[in-house]
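Please view the chain alongside the text.

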Amino acid sequence: DSQQAETEHLSRWKKWRRTSNKSLKKALNEIKGLSSYLVLWRHDIHSIEGKFGTGIQSYFSFLRFLVLLNFIIFILMFSFVTLPTIISKYGIFNSTIAYISPKNIEDVCTVYEPSGNKGLVYFYTYLKDLLSGTGFLELTILFYGYYSIDAVWISIMRYNLPLAYLLATFAYLALSFLWIVKRSVEGFKHNLVHDADPFQSYCNKVFAGWDFCITDPSAARLKCRSLQCELQTDLQEEKQKQKIAERTMEEKLRIYSLRIFINIIVIAILSGCFYSIYRVTVFSQESSNVSIRNDTRTDLVNLLVQYLPSMVITLANFIAPLIFSFLIRFEDYTPAFEIKLTLLRCVFVRLANIGVLLFSLWSQISDCASDKCEPCGYNYKLYPCWESDVGQEMYKLMIFDFIVILAVALFVDFPRKLLVTHCSCKLVQWFGHKEFEISDNVLEIIYGQTICWIGTFFSPLLPAIATIKYFIIFYVKKIVLIHTRKPAARPVRASSSNFFFLVVLLIGLLLAFVPLGVSIAHIPSSKACGLFKNFSTSWEVIPDTILQFPTGLQQVLFGMASEAFAVPFFVI
């Protein structure tokens with residue numbers, strides 16, 4: 001009644017505005033409701049949540065996020081780098097090309113002869129090129145060496161392609177960073193609410209957990225199973241906390257001593273992995289270059305030598321997490337903390353392995369002993385277009401990682417399921433059905449995503465490959481989960497998992513900044529290929545562009561780039 005009385009005294013303009021606001025809110029709510037049906041894999045993820053709990057559901061939601069992220073990065077790189085190049089080369093929209101002409105560069109630095117296929121080519125040669133990124137793939141839009149245009153003229157507009165290439169790189173890194181931080185903050189809020197008062201969380205599930213809008217029987221069963229899994233997780237955590245509280249001093253000393261000993265073993269394993277990757281990468285690069293000059297090896301042996309770093313890295317990534325998962329059982333942590341600690345240990349293995357690989361490559365590229373780099377600033381004899389070489393290494397890591405995931409599903413998971421189901425041997429039954437290890441599976445995709453972030457600068461279409469890869473992996477992992485895995489004996493909560501997955505992904509992104517920053521700002525750019533051949537480093541395109549601005553704007557921008565401004569800004 002009071003609302004009606006208030007409405008009667010309103011002017012027509014205010015009445016119309018209030019009615020419009022109500023209609024707009026209603027329309028937005030309806031659009032939001034309809035858009036939820038367009039969410040990728042919505043039904044599949046709800047089904048997984050009902051059958052296996054919210055912990056495993058959080059992995060598949062995380063995988064969906066990375067598919068969308070990589071697709072947007074691909075659209076960004078394709079729109080601002082690849083598409084202008086294609087338009088200019090085919091003369092669309094009256095566009096013309098301004099090729100980069102070498103300035104003050106020694107002739108010996110501009111020699112670049114990719115190992116293309118000539119004459120009669122066998123099918124397996126194409127297959128080798130497809131797996132290694134060499135041959136016919138080396139001078140395609142997939143790699144940095146293809147892009148050698150200084151500017152594109154569309155009618156009277158000049159499009160600065162080197163600047164666009166560098167800014168697109170900064171844009172996809174900034175987009176990834178902001179999107180991950182946004183999702184992490186949401187997860188942090190959920191964690192904060194749950195940790196503040198566990199009893200309140202328990203009451204919410206019991207008295208307010210049911211959604212009375214559910215009318216479909218199958219949806220009701222899924223919701224019921226989901227609540228059951230959440231309550232099981234709460235009870236398991238409370239049981240573990242009670243067990244920890246009842247420990248005697250003798251038990252605490254035993255557990256802490258064991259944890260120190262296990263951590264020493266972990267450090268020894270990490271050191272062994274890093275040293276092996278360094279030695280193998282140096283051997284692979286030296287052997288590959290010798291075989292190219294002398295042509296003394298078969299295609300199969302060359303392919304194995306080229307893939308040697310990828311194979312050793314994958315082997316380290318496969319064996320180390322198995323050892324860590326075995327060792328952590330003796331450390332007596334809660335299920336949630338077990339996943340976090342295993343993830344952190346395996347992150348150091350996987351991401352540091354990539355760092356060691358890149359360090360090994362850079363040590364070869366910058367190897368200036370005996371005046372190898374004197375005319376060009378880098379080892380031009382072994383690496384005439386070193387950016388494409390780094391792109392090929394990232395491409396091989398991406399492809400080999402995908403092959404291994406498919407191979408494990410086809411040749412390990414399904415045969416094990418068949419053996420356990422149809423063989424009554426005691427040894428086979430002792431192995432039993434495997435649980436779905438959330439930490440291992442999350443690490444697989446974080447490792448692949450870090451490769452994608454680093455490799456996109458050297459191979460602009462790598463995000464497209466990552467999008468297709470993760471799209472296929474979703475269905476592979478779903479089939480493996482449903483048909484070969486058993487539900488976890490110790491349930492895991494989704495809210496803490498989601499937040500921690502994003503934190504680990506953020507660590508991967510921050511680690512990707514380091515090699516990209518060194519490549520852009522420190523290592524001299526190739527003089528025989530690419531967009532930055534007339535600049536000493538890729539970064540120099542930025543100050544070169546700023547110098548074309550008015551004097552006042554130049555002073556402002558250079559002031560923002562100074563240490564006095566930049567250091568406090570990044571700290572804040």
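## Annotated spans

In this predicted model, residues 499-523 are 92% helix and 0% strand. Residues 307-330 are 83% helix and 0% strand, with end C-alpha atoms 36 Å apart.

Both stretches come from the UniProt record, an unreviewed entry, which lists them under "transmembrane region". The record also places this feature at residues 62-83, 136-156, 162-181, 256-278, 342-362 and 394-412.

## Packing of α11 and α13

Two packed helices are described by the angle between their axes and by the distance between those axes. For helix α11 (residues 308-327) and helix α13 (residues 386-422), the axes come within 10 Å and cross at roughly 50°. An angle of that value is neither roughly parallel nor roughly perpendicular, so α11 is oblique to α13. The crossing of α11 past α13 is right-handed.

On the α11 side, the contact is made by Ser310, Met311, Ile313 and Thr314. On the α13 side, Lys396, Leu397, Phe400 and Val404 take part. Sorted by class, the contact of α11 with α13 has 5 nonpolar, 2 polar and 1 charged residues.

## Lys396

Leaving aside residues up to four places away in sequence, Lys396 touches Leu131, Ser132, Gln306, Tyr307 and Ser310. Of these, Ser310 belongs to the α11 side of the helix contact.

Notes:
Residues numbered from 1 in each chain as written. Predicted model: local features only at pLDDT ≥ 70, side-chain atom pairs only at ≥ 80, totals over all residues. Heavy atoms only, no water. UniProt positions renumbered as here; feature names shortened; annotations may be inferred. Helix = DSSP H or I, 4+ residues; strand = E, 2+ residues; numbered from the N terminus. Axes fitted to C-alpha atoms, helices over the stretch in contact; angles between N-to-C directions. Parallel < 35°, antiparallel > 145°, perpendicular 65-115°, else oblique. Left-handed = near helix turned anticlockwise from the far one by under 90°. Contact = heavy atoms within 4.5 Å. Nonpolar A, V, L, I, M, F, W, Y, C, P; charged D, E, K, R; others polar.
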